[in-house]
Amino acid sequence: AMDRPLRVFVTDKGGGQRVDRGLWMQAASDGWETSPYYRHLIAHELFHMWLGGMAREADESTTWFQEGFTDYLSLWQMVASGQATPEWFAQRLGELHDAAVASEAYGAVAFGDPSVSWRDRDGPNETLAYKGGAVLALALDVELHRAGGPRLGAMIGDLAHAEDGVYTLASIRQWLTDPYRYR
């Protein structure tokens, strides 16, 4: 929960970014404000208040988790709140999958490799972090559901309450190998 109003700064800079005082968002143009893609951009940035506000990455080694999982969870929430259709959700995840597979980083780097430099100015690694990370989040959420235990939302909540809300590759691995440890 947010304890104060959220300030949104509209700019001509592309995309969006969470900042200490709120969100920087690109201005919608030519009817884009009614597009589910624009609503998803807003939802993605708002979800950084949860995954990046309450739970914070210790370093760049988890950029794929920070960005990709935020993308998946914001898509999921858009459908749950009626801001997008399940069909658009499936279409968008298909687009993210295709973009991840097209990245030169696909199959060349591993999400769990702490030496990967994920922020490469929208290069192959950053593309894989955002796009492939979202597809990985979907796959993980499905597997957690099949296992009948805590789901992805519980994982994020647990990581937010562990070690002052700072998560690492090690804490993500630990949660995945023993999710009940945090309960």
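Guide: Happy to: we can go from the overall layout to the core, the rings and the charged pairs. One thing to keep in mind is that this is a predicted model.

Visitor: Okay, how many helices and strands does the protein chain have?

Guide: The protein chain has six helices and five strands. Reading from the N terminus, the order of elements is β-β-β-α-β-α-α-α-α-β-α.

Visitor: And what share of the residues is buried?

Guide: Out of 183 residues in the protein chain, 40% count as buried. As for the accessible surface, it comes to about 9,900 Å², and 54% of that belongs to carbon and sulfur atoms.

Visitor: What about contacts between residues 24 or more positions apart? What share do they make up?

Guide: They account for 53% of the contacts in the protein chain that have a separation of 6 or more.

Visitor: Let's go inside. Which residues of the largest nonpolar core touch the most other members?

Guide: That core has 32 residues, and the ones touching the most other members are Trp 64, Phe 65, Phe 69, Tyr 72, Leu 152 and Met 155. Helices H1, H2, H3, H4, H5 and H6 each supply at least two residues of this core. The largest share, seven residues, comes from H2.

Visitor: Pick Met 155, then. What is it in contact with, leaving aside neighbours within four places in sequence?

Guide: Met 155 is in contact with Phe 65, Leu 140, Ile 172, Trp 175 and Leu 176.

Visitor: I keep noticing rings. How many aromatic pairs are there?

Guide: The count comes to eight aromatic pairs. One of them is Tyr 37 with Trp 88, which is edge-to-face because the ring centres are 5.1 Å apart and the planes sit at 85°. Tyr 37 is in helix H1 and Trp 88 is in helix H3, 51 residues apart, so this pair links distant parts of the chain.

Visitor: Which of those two is buried and which is partly exposed?

Guide: Trp 88 is buried, with a relative accessible area of 8%. Tyr 37 is at 30%, so it counts as partly exposed.

Visitor: Now Phe 111 and Trp 118: is that pair stacked or edge-to-face?

Guide: Phe 111 and Trp 118 are stacked, because their planes are at 15° with the ring centres 5.7 Å apart. Phe 111 is partly exposed at 22% relative accessible area, while Trp 118 is buried at 0%. Both belong to a cluster linked by ring pairs, together with Trp 64, Phe 65, Phe 69 and Tyr 167.

Visitor: Switching topic: how many salt bridges does a search of the whole structure find?

Guide: It finds five salt bridges. Side chains of opposite charge can pair when their charged atoms come close.

Visitor: Can you show me some inside helices?

Guide: In helix H3, Arg 92 and Glu 95 are three residues apart, which means about one helical turn separates them. Their closest N and O atoms are 3.0 Å apart. In helix H4, Glu 143 and Arg 146 are also three residues apart, or about one helical turn, and their closest N and O atoms are 2.9 Å apart.

Visitor: How exposed are Glu 143 and Arg 146?

Guide: Arg 146 is exposed, with 63% relative accessible area, and Glu 143 is partly exposed at 43%.

Visitor: Which residues are linked in a network of salt bridges?

Guide: Glu 67, Arg 119 and Glu 126 are linked in a network. Within it, the side chains of Glu 126 and Arg 119 meet at 3.1 Å, N to O. Glu 126 is buried, with 9% relative accessible area, whereas Arg 119 is partly exposed at 34%.

Visitor: Last one: what does the side chain of His 44 make a polar contact with?

Guide: The side chain of His 44 makes a polar contact with the side chain of Glu 67, at 3.0 Å. His 44 is in helix H1 and is buried, with 5% relative accessible area. Beyond its neighbours within four places in sequence, His 44 has contacts including Thr 70, Asp 71, Ser 74 and Tyr 130.

Key
Residues are numbered from 1 along each chain as its sequence is written. This is a predicted model: local features need pLDDT of at least 70, side-chain atom pairs count only at pLDDT 80 or more; totals for chains, interfaces and linings use all residues. Side-chain values use heavy atoms; hydrogens and water are left out. A nonpolar core is a set of buried Ala, Val, Leu, Ile, Met, Phe, Trp, Tyr and Cys residues joined through side-chain atoms within 4.5 Å. Buried means under 20% relative accessible area, exposed over 50%, partly exposed in between (1.4 Å probe, protein chains only). Helices (H or I, at least four residues) and strands (E, at least two) are DSSP runs, numbered from the N terminus. Contact means heavy atoms within 4.5 Å. Rings of Phe, Tyr and Trp (its six-membered ring) pair if their centres lie within 6.5 Å; planes under 30 degrees apart count as stacked, over 60 as edge-to-face and the rest as tilted. Accessible areas come from the Shrake-Rupley method with a 1.4 Å probe; for residues, only the protein chains shown count as cover. A salt bridge is a side-chain nitrogen of Lys or Arg within 4 Å of a carboxyl oxygen of Asp or Glu. A polar contact is a pair of N or O atoms within 3.5 Å; within protein, one must be able to donate a hydrogen and the other to accept it, and residues adjacent in sequence count only if both atoms are side-chain atoms.
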